[in-house]
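Subject: Structure handover and notes

Hello,

Here is the structure I promised to pass on. My notes come after it.

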Amino acid sequence: MAADPLALDAQPIDYVLLAFYFVLVLGIGLAARRRVANSLDFLLSGRSLPAWITGLAFVSANLGAIELLGQAANGAQYGEQTFHYYWIGAVPAMVFLGLFMMPFYYRSKARSVPEYLGKRFDKPTQRFQAVLFAIASVLIAGVNLFAMAIIVQALLGWPLWVSIVVAGFVVLAYTFLGGLSASIYNEVLQFFVIIAAMVPVTIVGLARVGGWSGLTEKIGRLDGGPATLQPFPGSELTGIANGLGSTVGVVLGLGFVLSFGYWTTNFTEVQRAFSAKDAPAAVRTPLIAAIPKTFVALIIVVPGMIASVLVPSIVDLKRGGSGGGATYNDVVPLLLKELIPNGFLGVALAGLLASFMAGMAANVSSLNTVFTYDIWQDWVRPDREDRYYLNVGRVVTVVGTLLAMGTAFIAAGFNNIQDYVQTLFSFFNVPLFAIFILGLLWKRMTGPAGWSGLLAGIVGATTVFLLTQTGVLSLTGQGSSFVGGTIGFALAIIVAVIVSYRTAPRPERELVGLVRGLTDDSGKLPADPGVLKNPWVLGIGILVINVLLYILFQAF
């Protein structure tokens with residue numbers, strides 16, 4: 001039987017390191033369990049965590065399979081154009097969340113994004129969004145679980161379905177034990193483990209290809225390679241041949257519609273800020289997270305670029321071949337096999353598994369919060385004792401993990417999981433951002449406009465996806481998601497405005513603190529003393545760094 005091209009030559013010391021890491025992760029879950037006395041402790045960490053903890057957890061929750069496997073795959077396919085997902089497609093929206101939206105979120109005392117929508121609009125909007133979020137969480141948790149299973153399969157040679165089941169139960173164990181606290185403290189640990197794994201991969205890889213100049217020289221010799229060595233116009237990424245149109249697609253489609261739709265309203269991320277100890281800490285959470293988010297791009301995208309010239313199967317894919325059965329999703333495990341010596345492989349594998357567990361645990365912990373509060377407590381079984389909802393949260397953790405095991409096989413059908421993920425974001429996150437930002441800024445917007453705008457946006461984005469899949473629209477790369485998200489955003493706004501003018505608005509007294517401008521302090525930023533704790537200093541500083549990095553990579 002032919003050897004598996006992904007099989008890693010792990011030694012006993014590698015297994016010992018992995019076992020130690022898993023024991024540590026489960027130990028954190030057991031320790032966090034002691035602090036769980038009620039549903040708020042389990043689902044929102046009792047709102048007691050400092051900003052640096054929630055900030056690192058915020059970025060680590062996103063540093064899962066979608067990030068590591070997906071963006072490394074993008075790095076191999078699209079080169080420097082992948083930086084857009086960080087410096088345009090993440091950081092500006094994170095800064096906006098901290099400076100403009102977190103004050104409203106935190107002061108509303110909402111326990112979730114759907115609950116905030118219920119306060120601003122009405123119960124139907126809250127419940128509709130809660131159901132949508134539950135579906136999206138299970139689908140995206142499946143992506144993280146699939147990617148985690150790839151590594152387990154490569155390490156142990158198990159069938160994919162066995163790897164998915166085993167990986168899922170590891171995450172279930174510590175999330176079930178300690179709830180959100182266990183997830184957040186593990187995410188902080190996992191952040192440093194991921195860095196420890198990917199920095200050596202990047203350094204050794206650059207050394208093998210002759211440094212940055214050697215890497216760019218080798219990519220430049222590939223068909224279409226020179227275009228991927230500059231972030232703009234990004235036609236390979238967007239699938240839009242016209243340079244100006246592609247640039248607009250990147251800035252508007254990714255940088256505004258998809259990015260703001262994800263980072264400002266996705267409860268998987270925002271939940272970390274909700275768990276902060278006070279309003280100033282909640283505001284700083286996404287701003288602190290934006291700092292490592294800026295530089296993490298270098299240790300994820302650059303390894304993908306290295307694989308495009310160093311790993312034979314990926315080189316074959318770049319030339320239009322079959323890659324010997326490998327896909328771009330396999331970039332990271334193939335790089336480990338190519339670059340990492342025995343003895344350090346256990347650390348690298350622990351970093352990968354940490355990444356995937358962080359992403360999946362983030363999805364599961366946010367799912368149990370939204371389902372428990374917004375669907376079960378608010379809708380199905382209200383007015384029960386707190387212990388009852390604590391138990392519901394634990395049951396949902398189990399059920400959500402089992403469902404994610406099933407949806408993991410959907411992700412297995414995509415050559416690049418980032419294509420799948422961006423499609424999901426255009427369906428679920430973009431329409432939500434449209435009605436959220438309109439409702440935040442426009443007091444005339446009504447409750448029925450909330451859920452009807454959501455529905456219209458989802459229908460619009462889904463229609464673009466179906467037209468692309470059937471060949472009616474010719475959009476390659478991830479252009480379908482950019483265009484679909486833009487159309488979904490526009491439709492959500494148009495329908496919400498029309499419905500608002502045909503229905504009665506809520507009295508202004510019911511919108512105090514929920515709409516910008518209706519209270520004296522609703523737009524002010526809560527802040528602790530000190531320049532480095534000033535939200536504006538943090539936000540503007542990190543945006544300047546992002547601009548400088550773009551200038552550097554566009555020039556060289």
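Below is what was found, starting with the chain as a whole and ending with single residues.

The model is predicted, so local features need pLDDT of at least 70 and side-chain atom pairs count only at pLDDT 80 or more, while totals for chains, interfaces and linings use all residues. Residues are numbered from 1 along each chain as its sequence is written, and side-chain values use heavy atoms, with hydrogens and water left out.

Overall

The protein chain has 23 helices and 0 strands. Helices (H or I, at least four residues) and strands (E, at least two) are DSSP runs, numbered from the N terminus. Of its 556 residues, 60% count as buried; buried means under 20% relative accessible area, exposed over 50%, and partly exposed in between (1.4 Å probe, protein chains only). The accessible surface of the protein chain is about 19,600 Å², and 68% of that belongs to carbon and sulfur atoms. Areas come from the Shrake-Rupley method with a 1.4 Å probe, and for residues only the protein chains shown count as cover. Contact means heavy atoms within 4.5 Å. Among contacts between residues at least 6 apart in sequence, 83% join residues at least 24 apart.

Helix 7 (residues 113-120) is largely enclosed by the rest of the structure, because 7 of its 8 residues are buried. The buried residues of helix 7 are V113, P114, E115, Y116, L117, G118 and R120.

Cavities

A search of the whole structure gives 2 cavities of 30 Å³ or more. A cavity here is a set of points, on a 1 Å grid over the protein atoms alone, where a 1.4 Å probe fits but cannot get out; lining residues have an atom within 4 Å of a point. Grid points are joined across faces, edges and corners, and a volume is the space filled by probe spheres set on the points.

The second largest cavity holds about 30 Å³ of space. Its lining consists of T423, S426, F427, A461, F465, S480 and S481. Helix 20 (417-441), helix 21 (447-469) and helix 22 (479-502) are the elements that give two or more residues to this lining. Helix 20 gives the most, with 3 residues. By type, the lining of the second largest cavity has 3 nonpolar residues, 4 polar and no charged.

Aromatic pairs

Rings of Phe, Tyr and Trp (its six-membered ring) pair if their centres lie within 6.5 Å; planes under 30 degrees apart count as stacked, over 60 as edge-to-face and the rest as tilted. The count comes to 22 aromatic pairs. One of them is F58 with W263, a stacked pair at 5.9 Å centre to centre and 20° between the planes. This pair links distant parts of the chain, with F58 in helix 3 (residues 51-62) and W263 in helix 12 (residues 243-263), 205 residues apart. Both F58 and W263 are buried.

F96 and F260 form a tilted pair, 5.2 Å centre to centre with 55° between the planes. F96 belongs to helix 6 (residues 91-107) and F260 to helix 12, 164 residues apart. F96 counts as partly exposed because its relative accessibility is 21%, whereas F260, at 10%, counts as buried. F96 and F260 also belong to one aromatic cluster with F100, F256, F433, F489 and W536.

Single residues

- H84 lies in helix 5 (residues 84-87) and is buried, with a relative accessible area of 0%. Leaving aside neighbours within four places in sequence, H84 is in contact with G89, P231, F232, L237, V250, L254 and Y550.
- V131, in helix 8 (residues 123-156), is partly exposed at 33% relative accessibility. With neighbours within four places in sequence left aside, V131 is in contact with I375 and W379. The C-alpha atoms of V131 and I375 are separated by 7.6 Å, although the two are 244 residues apart along the chain.
- I540, in helix 23 (residues 535-555), is partly exposed, with a relative accessible area of 49%. The C-alpha atoms of I540 and V95, 445 residues apart along the chain, are separated by 8.2 Å.
- D383 lies in the loop between helix 18 (345-380) and helix 19 (386-411). Phi of D383 is near 65°, a positive value in a residue other than glycine. D383 counts as exposed, at 76% relative accessibility.

Regards

Definitions and conventions:
On a 1 Å grid over the protein atoms alone, a cavity is a set of points where a 1.4 Å probe fits but cannot get out, and a pocket is an open set with protein on both sides within 12 Å along at least five of seven lines; lining residues have an atom within 4 Å of a point. Ala, Val, Leu, Ile, Met, Phe, Trp, Tyr, Cys and Pro count as nonpolar, Asp, Glu, Lys and Arg as charged, and the others, Gly among them, as polar.
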